[in-house]
Amino acid sequence: MTNTSNVRTILATDCGSTTTKAILIEKKGDEYRLTTRGEAPTTVEAPFDDVTIGVSNAAREIEELSGRTILDANGQVITPTAANGDGVDLYLSTSSAGGGLQMTVAGVVKSMSAESAERAALGAGAIIMDVIAVDDGRKDYQKVERIRALRPDMILMSGGTDGGTVTHLTEMAEMLRSADPKPRLGIGLKLPVIFAGNVEARKSVHDVAGDIVDIREVPNLRPTLDRENLGPAREAIHDLFLEHVMQQAPGYAKLTTWTSSGIMSTPNAVGKIMETIARERKIDVLGVDIGGATTDVFSVFGGVFNRTVSANLGMSYSICNVLTEAGIANIARWIPFMADDAYLRNQLRNKMIRPTTIPQSLRDLQIEQAVAREALRLAFEHHKSLARGLKGVQTKAGVEFEREATGKTLVNMIELDMIIGSGGVLSHAPERAQSALMMLDAYQPEGVTMLAVDSIFMMPQLGVLSTILPEAATQVFERDCLIKLGHVVAPIGTAKEGEPCLTVVFKDSTSEVVPFGQLRLIPLKENETQEATITPARNFDVGAGKGKPITVTLEGGVVGLILDTRGRPVIIPSEPTQRVAKLQEWLRAIGLTVHTGSSE
C-alpha cells in the first residue's frame, strides 16, 4: 500500500464506456481541493485498442490547464512525484469501459441464498445477467443452455448453511460441468467461479467441476439462516475483476502498472464513497446514478449498504424500456402541457435511435424529465425489493420459517437523511430546481430530507480515493462535488385540497402555514440554517407520529427550503386539464418556467 502521510497531489481517472474523466486534487493548506479536471474520448476500442491513450489525453488536458507536468515523454503518469516536482504523489483509476463487470449468480433457494448472492454481486459493482436457483421454475436443461449462452465474466455460487446438506450444491456443480461455460473475455481461459456456499460441499463441488471452471473458495454468504457475510465474496469479485476481466481488456494490464492501487469498477467506487459519507456523517443515504442505458441505486440504512442496477432503465439507449415498463399513462402524468400519446411515443423513439441528442426546447426537456421520474421510480422499486432483511429466519423454537415477519425492505423513507442525484439528467439539468423536483416526484421523501446532486460526476474517482485516503475523499466530496439543493419537509398523509396540513414556525418568529396539495419554496441559502418547529395537522406525520410536532435545524441550498404538502403518495388529478394546471402550479411554486403551448 502506498504511504499516504505526505500526499499533496492526486490524479484520479474514471474510464467510462465513452469518456475518460480525470481530476487533479491538491492539498491547499490543511485541506484537499479539486483544482483541475479534464476529459477525453475512451480508447478501449478500435482503432486504438489501448485504454491508456485516453487516460494520457485526459491527463494532458489537466497539464495544459494547471501548468503542471504530469506525464513523462512516453505519455505515462509520473508517480510518485519526482525530485523536480513533476508528476503526482498518487494516481488512481476506476473503469466501466468494455461493458463493466457482468455476472451470473447461482443459489439453492431463490428467495434466500440466491438473493444473498445477488446482493453480494450487486454491491461489488456487477451487472447481473441472470439468477439461477434450484427452485426458479426452469428445467435443468434450460438452466444448462442459459449458463452456456450467457458468457458472463464470472459466476458466484452459493447455497446451504455451514454443516447442512450438500446434495443441491453438487447438482449445481454438475449443471456447471454440463454447460462448460466460457468467459466473455480471454480465449482459452477457464471461467472464474466463486464458491461461497456450505463449506462441507467444497470438496464435492471441486471434484465435479474443478477441471472445467476455475473455482475460488470464500467463506459462506449465509453461514447460518440469520446471518449474512457478504464481505469476503465482494472482495473476491473485485480481485477476480482485476485479474481476469481487466487483464483481458485492451491496455488495462499497462494501466494497472501505472496506478498506485488496483483499478476499481465504477459502480463499486460510487458505492464506496456513499458508504464513507454515511459512516463519517452517521446518516442514512440514498444515491442514484442515472445513465443512458442503466440506473444504479445505492443506499445505506442503519449502516447496511445495498446497491442495485436496473440494466434496462436509462435515458437514451434504454428510454423505450422505461416506456414499456412504466406505461405511457405514468409518463404522461408528469408532463405539464397537453400532449397525445402518439406524440410522446414518437419523441421517445427518436431519442432511442439518436441516443446522443439533447433536448432542443423546453417542451422536449420536460418530456425527458418526465421519463426520468419514471426511470428513477422504477429503479427505486427494484432497489427496495432487494435491499431487505434476511428471509427464512427462525424466530421461535419449533416455529417454521416466518416468511412474512422477515425479509422486509431496509429502505425507511422517514429515517432517510439525504438523497444524492447523479448522472446527466440530474447533474446537468439547466436549473437545479428541476433536479430537485425530479427527485421529489420520483422518491417522494418523507419527514425532513436533504436533496443534493453531484456537480460534475466525480463520485467514482472519490470512491476509489476513499479506500486509500478517506479524509481527502470526504473533503473534496463535501466542498467540490456535492451541491446541496436544500431540505424538503414532507408530511405523510392525505386530505382534500386546501385542508390544513402543515405549520412551520422559525426561531425568528416567522411562520409558514401550508394547506394540503401545495409546494412552497422558502428562500434559505446554501449553508444557511434555521431552527424550526414543524407541526403537522391531526392526520399527518413528519416523524414523531400523527399530529405531533418536531423541532429541527433546517438547512437551505441552491434551490432553498421546500415545503411539500402534496401527500404521500403524491396525488395528481386524473383529468388532463386539471392535471396540467396542477403541474404548472407546482412548477411556478419552485420558480420554474412553464411551457404553455401544446404539442404540435
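A residue is called buried when its relative accessible area is under 20%, exposed when that area is over 50%, and partly exposed in between, as judged with a 1.4 Å probe on protein chains only. The structure shown above is a predicted model, in which local features need pLDDT of at least 70 and side-chain atom pairs count only at pLDDT 80 or more, while totals for chains, interfaces and linings use all residues. Residues are numbered from 1 along each chain as its sequence is written, and side-chain values use heavy atoms, with hydrogens and water left out.

Consider first a helix. Helices (H or I, at least four residues) and strands (E, at least two) are DSSP runs, numbered from the N terminus. Helix α5 spans residues 202-209, and its buried residues are V205, V208 and A209. Viewed down the axis of α5, these buried residues fall within an arc of 70 degrees, so they line one face of the helix; the arc is that of the directions from the helix axis to the C-beta atoms. On the face turned away from this buried side, α5 carries the exposed residues K203 and D207. The cover over the buried residues of α5 includes β7 (154-157), α4 (167-179), β8 (192-195) and β9 (214-217), where contact means heavy atoms within 4.5 Å.

The salt bridges come next. A salt bridge is a side-chain nitrogen of Lys or Arg within 4 Å of a carboxyl oxygen of Asp or Glu. The structure holds 32 salt bridges. One of them joins the side chains of R60 and E63, at 3.6 Å from N to O. Both residues of this pair, R60 and E63, belong to helix α1 (residues 51-66) and lie three residues apart, about one turn of the helix. R60 counts as partly exposed because its relative accessibility is 35%, whereas E63, at 12%, counts as buried.

Another salt bridge brings together the side chains of R146 and D130, at 2.8 Å from N to O. This pair links distant parts of the chain, with R146 in helix α3 (residues 140-150) and D130 in strand β6 (residues 126-133), 16 residues apart. R146 is partly exposed, at 33% relative accessibility, and D130 is buried, at 13% relative accessible area.

Is D136 buried or exposed? Its relative accessibility is 17%, so D136 counts as buried. D136 forms a salt bridge with R138, the closest N and O atoms being 3.0 Å apart. R138 is partly exposed, with a relative accessible area of 26%. Salt bridges that share partners join D130, D136, R138, K143 and R146 into one network.
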